[in-house]
Amino acid sequence: MSCYATSQELSCLFPYLERAGEYLYARGFTLEAALENDGLVERALEIARGAMKGRKRPLFCAKDFEEEAAAARLALYIIAASGNQYAIRRFADRESKLFTARLRGVPGLQAPECKASIAADLGVRARPSREVVKGSILAVYFPLAVWWTHYLRYAPQEPDWAMINRPVVKGWVLIRVDDFERLLEEAYERRVLALASREDIGYISGQLAKRPEVAELLAELRAYRPVAVKASVPGAHPPCMQAIMDAIKRGENTPHVARFAIATYLLKRGWGVDEVVDLFRSSPDFNEKITRYQVQHIAGQVGGRKEYSVPSCETMNSWGLCPTNLGCGVKNPIQYGRRAGAVAKENRA
Ligand code: SF4
């Protein structure tokens, strides 16, 4: 890799890259060997528990690179062996956020060639933009280029990311470094989820259960559930909002626009800020302080003091959030309950 970091350091920083797995295997860190190393198992348990409790891991790898990398992989297998999808998603979310923080914060990883080589390990075809638009100022503003199909695979489902809003040259989408890192965050999260669903997870689970302290954590993880969410307010919710609420309650990582839409809707339906914040508690990346500020902002209680309206059905549809393809007969989701009530009244008459 064209990064100013050794293979040891890179494995420690990004333990779920393919080359980190190959490196550790070549150094003798098989699952069986790892489970015989008391210090390594203890560190893996610490990483797994820390992820569930929202504890941050350090940005830099200071020492014991190989043990730290092997412990991180073992922690993932412990979480995966629990079979608890919420725990797995939460772990993947934490690790992908740490990935981005390291990609942004570690000095030896800042060259476009280095970021492109990390992308290649994640299956993302990318290269420095100057190789695509030689001598153009575009390469200064957009230092990285991603092949368009890979861009579409990993770009967030947000209006700003639509390909029509991005410079595209000969099939390469030119993007800023921070956007590129966000794109790779998604690819890294999918890598973690893919490792967690390996075919031999049954064998791994059997090996892990041989260590009593690991078996104990596995039992805890199997019982692990998101914080309960309050019951819905009475009245019919439109299919779009119901789908978003269900996804949040299942602990799925919903897109930013979906969170914005549900917050505006529930506030208009009379939910308080605390109740809306509580709904988001089961999100894998929940942060009370940030969520509260954002909900208060949408409610017009902080910042510009502008209360946001519920997005129209047209807008919801353009964001890919209308499951009925504008089929409810209303212009805005907030009108849905009134129309459902009117239809029921008509049917009774
Ligand atoms: S038509 Fe409107 S209310 Fe119905 S699901 Fe679509 S966005 Fe929601």
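In this predicted model, an open sheet is formed by 4 strands arranged in the order β1-β2-β4-β3, and the pairing between them is antiparallel. The edges of the sheet are taken by β1, which spans residues 126-128, and β3, which spans residues 168-169, each of them pairing on one side only. In general, the strands of a sheet pair through backbone hydrogen bonds, in either a parallel or an antiparallel manner. Here β1 is joined by 3 bridges to strand β2, which covers residues 144-147, and the two run antiparallel; within this pairing, Pro128 has Leu144 of β2 as its bridge partner. Helix α7, comprising residues 112-121, lies across β1 and β2, and runs at about 175° to β1.

At the level of the whole chain, a division is made into domain 1, residues 7-221, and domain 2, residues 239-348. The centres of the two domains, taken over C-alpha atoms, are separated by 31 Å, and the contact between them draws 9 residues from domain 1 and 9 residues from domain 2. On the side of domain 1 that touches domain 2, the residues divide into 5 charged, 3 nonpolar and 1 polar.

The ligand is surrounded by 14 residues, of which the closest are Pro238, Cys240, Cys313, Cys322 and Cys328. Two or more residues of this shell are contributed by each of the helices α13, residues 239-249, and α17, residues 313-318. When the shell around the ligand is considered by class, 12 residues are nonpolar and 2 are polar, whereas no charged residues are found there.

Key: Residues numbered from 1 in each chain as written. Predicted model: local features only at pLDDT ≥ 70, side-chain atom pairs only at ≥ 80, totals over all residues. Near = placed C-beta within 6 Å. Nonpolar A, V, L, I, M, F, W, Y, C, P; charged D, E, K, R; others polar. Pairing = 2+ DSSP bridges. Contact = placed C-beta atoms within 7 Å. Axes fitted to C-alpha atoms, helices over the stretch in contact; angles between N-to-C directions. Domains from an automatic or database assignment.
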